[in-house]
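I opened this model to look up a few points of geometry and packing, and I keep the entries below in the order in which I checked them.

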Amino acid sequence: MSALLKIEGLSKVYDDDSAELAVIDNLNMTVEQGEFLCILGPSGCGKTTLLRCIAGFERCTGRILVNGEQITGPGTDRIMVFQDFNQLFPWLTVEKNIQFGLKRQGIRDREQLARITADVLKKVRMHGYGRHYPYQLSGGMKQRVAIARALALKPSIILMDEPFAALDAITRNTLQQEVLAISREENCTFIFITHNIQEGIVLGTRLMLMEPGGRIAIDIRNPIARPVSPSSPGYGALWDRLYAALYDTQRGNPV
Ligand SMILES: Nc1ncnc2c1ncn2[C@@H]1O[C@H](COP(=O)(O)OP(=O)(O)O)[C@@H](O)[C@H]1O
Ligand SMILES: [Mg+2]
């Protein structure tokens, strides 16, 4: 069986008028259906660029295949959730935010729209907030709605670019647990970028460490049984290994 996501010889060069910057150079990787892949790496190593290439937002060379088909641009099979709390349309209510993409997919039936909206809001524990506007929500609530909006489209892959990085520690832990629950219930694959080693170990079934130049320094299956906590056997050793490798990749680079 072919992989859900296959990346072959991916290279990305940002080509401004003044300079060329090769961010990803000949990257090859595959992601299987149902994996929860967490990607760690120092700032500027190309994590967001990789996610944007998979989302179809960037011009790049090489091939990206989803279910065996080469992608040519954005699609609702790959939905991105960003770090920024302002990713929702501020002029639309929560439910209209969720329904925006569904309507663009051609779903017009009001009952069907309402049913899908209620279902995904329940999944992120935001039922009852459909008529709120984004400005009436906390940062954590906005991220929940962004996840609900992604789930509504039933993507094959949810691409998350440090979605919890700007949250306080307690909200972050709560949302981690909720995303874990969602990943168990949904037939969906996650690629999740984080700077936070704990977050990677708690969420990931697979952990990758990216180095500057977009190279993959570590690519391992998470050996720790779920639910993961700092007292889980092996947690400390894995954390130490990732910590050392993460700081190793930064050596010599200004921070
Ligand atoms: N649109 C762009 N134009 C030019 N350079 C960019 C652009 N986006 C990112 N970069 C550069 O590409 C490198 C990788 O960036 P990024 O993928 O955002 O890294 P990360 O997400 O790992 O922090 C950085 O050096 C960054 O400055
Ligand atoms: Mg980034």
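I began at the residue that follows a helix: just after α3, Arg125 takes a positive phi of about 60°. I note at once that the model is a predicted one, and that every value here is computed from it.

I then turned to α3 itself, which runs over residues 110–123 and has 14 residues. From its first C-alpha to its last I find that α3 reaches 20 Å, close to the 20 Å expected at 1.5 Å a residue.

Next I asked which residues of α3 are buried. I find Ile116, Thr117, Val120 and Leu121 to be buried, and because they cover an arc of only 125° around the axis, they sit on the same side of α3. An α-helix has 3.6 residues a turn, so residues three or four places apart point the same way.

On the other side of α3 I find Glu111, Gln112, Arg115 and Lys122 exposed. For the buried residues of α3, I looked up their partners and found that they pack against α2 (94–104) and α4 (139–152).

Finally I stepped back to the whole chain, where I count seven helices and 10 strands. The radius of gyration is 18 Å, close to the 18 Å that the globule rule gives for 255 residues, so the chain is as compact as a globular protein of that length. I also noted that 35% of the 255 residues count as buried, and that, among contacts between residues at least 6 apart in sequence, 68% join residues at least 24 apart.

Key: Residues are numbered from 1 along each chain as its sequence is written. Chains are lettered from A and ligands numbered from 1 in the order in which they are written. This is a predicted model: local features need pLDDT of at least 70, side-chain atom pairs count only at pLDDT 80 or more; totals for chains, interfaces and linings use all residues. Helices (H or I, at least four residues) and strands (E, at least two) are DSSP runs, numbered from the N terminus. The radius of gyration is taken over C-alpha atoms; the globule rule is 2.2 Å times the number of residues to the power 0.38. A residue is buried if 20 or more other C-beta atoms lie within 10 Å of its own, exposed if 12 or fewer, and partly exposed in between; C-beta atoms are placed from the backbone. Two residues are in contact if their C-beta atoms, placed from the backbone, lie within 7 Å. The expected span of a helix is 1.5 Å times one less than its number of residues. The arc is that of the directions from the helix axis to the C-beta atoms.
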